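Student: Hi! Could you walk me through this one? I'd like to go through the strands, the helices and a loop residue.
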Amino acid sequence: MAAAVRLLLRAGSACNASSVCAPHTSTQRRHAAHFTFQPEPVPSQYGPTQKMNLFQSVTSALDNTLASDPTAVIFGEDVAFGGVFRCTVGLRDKYGKDRVFNTPLCEQGIVGFGIGLAVAGATAIAEIQFADYIFPAFDQIVNEAAKYRYRSGNLFDCGNLTIRAPWGCVGHGALYHSQSPEAFFAHCPGIKIVIPRSPVQAKGLLLSCIIDKNPCIFFEPKILYRAAVEQVPMESYQIPLSQAEVLQEGSDITLLAWGTQVHVMREVAAMAQEKLGVSCEVIDLRTIQPWDIETVCKSVVKTGRLLVSHEAPVTGGFAAEISSTVQEECFLNLEAPITRVCGYDTPFPHIFEPFYIPDKWKCFDAVKRMINY
């Protein structure tokens with residue numbers, strides 16, 4: 001709720017001292033997304049589909065879980081009311097206040113409670129209102145959840161714990177509502193980290209996280225909650241974790257990303273083909289940890305070049321781990337240095353967000369440099 005209040009206050013700051021907002025003129029524009037979402041072909045292997053945006057696909061996954069698993073519970077700040085992004089709307093009314101309920105504003109408590117619930121045998125699904133607020137729970141995640149099975153010699157575990165959190169830039173989130181903290185958790189053995197690119201992917205990957213017997217962190221690209229719309233299967237289905245997906249075959253350069261940045265890379269691939277005659281292979285990593293080394297390296301062996309892009313700051317970002325591994329495995333196949341196009345080493349800005357984002361133009365420039373190396 002505190003985050004929602006802050007967002008409302010920020011919106012109110014556009015009004016003048018007399019509390020009357022300036023009327024919009026034809027020249028005023030809201031921040032536009034730095035990519036265009038293109039829905040993928042309707043999946044036929046999972047049964048009937050329904051038009052959903054990304055937050056509705058998350059709701060559908062949670063609905064399927066609550067219906068099929070009587071031990072499943074959902075908890076977090078404001079989830080009983082539907083959550084800030086409406087991902088849990090209607091679930092409390094459908095399944096009761098004992099299975100979908102609010103918690104105090106205490107992320108450490110939310111995750112600690114989830115660990116205990118999972119150890120006791122329940123399917124615990126915790127929501128952190130924004131990924132930016134997950135840091136108070138960092139100790140519980142990396143020192144308790146990730147190590148529970150190991151320290152007990154597999155006598156006990158909290159593998160039934162899934163932590164959801166809205167993630168990434170949104171066009172106006174600034175330093176406290178636009179961060180991408182996946183690299184912090186990738187350093188910790190014992191947890192899985194997953195980031196989807198679309199509604200179909202979000203539902204299938206979230207359901208896989210929920211049934212996986214390891215604690216999982218599921219980051220949801222918040223800019224896609226409403227911008228991404230697809231035909232999503234209504235029934236339960238799973239998309240395997242730790243398997244990257246080759247979205248476009250290519251021969252000259254490998255473009256690797258996850259979440260929102262996948263759509264940027266698709267546009268870069270189209271630009272490179274049109275303007276440079278360069279054939280790009282586009283890969284969605286999907287699972288950050290444990291990541292699919294084999295698929296990525298196989299692609300780099302073929303293309304000889306790798307461009308990795310993410311919104312998080314470049315120093316210590318997960319692109320660095322990918323670059324190091326690929327250099328070790330594919331050194332003799334590389335035709336150019338591995339390139340990272342990422343966020344800057346600054347807090348995420350507000351009015352300067354368009355300059356901070358690793359957009360298609362920055363990535364396209366990197367492709368030109370790599371091809372001409």
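**Strands, helices and a loop residue**

Tutor: Happy to. Strand β2 (residues 73-76) runs parallel to strand β4 (residues 124-127), and four bridges join the two. Keep in mind that this is a predicted model.

Student: Which residue of β4 stands opposite G76?

Tutor: That is E127.

Student: And what is the strand order of the open sheet?

Tutor: The order is β3-β2-β4-β5-β7-β6-β12, seven strands with mixed pairing. At the edges are β3 (100-102) and β12 (287-289), each pairing on one side only. From one strand to the next, the twist averages 20°.

Student: Which strands does α2 touch as it packs on the sheet?

Tutor: Helix α2 touches β2, β3, β4, β5 (161-167) and β7 (216-221), and its direction makes about 135° with that of β2.

Student: Staying with α2, at what angle does its axis cross that of α8?

Tutor: Roughly 30°, with the axes of α2 (residues 54-68) and α8 (residues 199-211) coming within 8 Å. Because of that angle, α2 counts as roughly parallel to α8.

Student: Is the crossing left-handed or right-handed?

Tutor: Right-handed. On the α2 side the contact is made by L54, S57, V58, S60, A61, L62, N64 and T65, and on the α8 side by P199, A202, K203, L206, L207 and I210.

Student: How do the residues of that contact divide into nonpolar, polar and charged?

Tutor: Nine are nonpolar, four are polar and one is charged.

Student: Switching topic: how many residues of β10 are buried?

Tutor: Five of the five in β10 (residues 253-257), so to speak a mostly covered strand. I253, L255 and A257 point one way, while T254 and L256 point the other way, and all are buried.

Student: In which sense does β10 pair with β11?

Tutor: In the parallel sense, over five bridges to β11 (residues 280-284). The bridge partner of A257 in β11 is D284.

Student: Now the loop residue. Where is F37 found?

Tutor: F37 sits in the loop between α1 (2-12) and β1 (49-53).

Student: Buried or exposed?

Tutor: F37 is buried, because its relative accessible area is 12%, and the cut-off for buried is under 20%.

Student: What does F37 touch, leaving out residues up to four places away in sequence?

Tutor: Its contacts are R197, S198, P199, L224, A227, A228, V229, E230 and H263. P199 is also one of the α8 residues in the contact with α2.

Student: How many residues apart in sequence are F37 and E267?

Tutor: They are 230 residues apart in sequence, and 9.7 Å apart in space, C-alpha to C-alpha.

Terms used. Residues numbered from 1 in each chain as written. Predicted model: local features only at pLDDT ≥ 70, side-chain atom pairs only at ≥ 80, totals over all residues. Heavy atoms only, no water. Axes fitted to C-alpha atoms, helices over the stretch in contact; angles between N-to-C directions. Parallel < 35°, antiparallel > 145°, perpendicular 65-115°, else oblique. Left-handed = near helix turned anticlockwise from the far one by under 90°. Contact = heavy atoms within 4.5 Å. Nonpolar A, V, L, I, M, F, W, Y, C, P; charged D, E, K, R; others polar. Pairing = 2+ DSSP bridges. Buried < 20%, exposed > 50% of the residue type's maximum accessible area, 1.4 Å probe, protein only.
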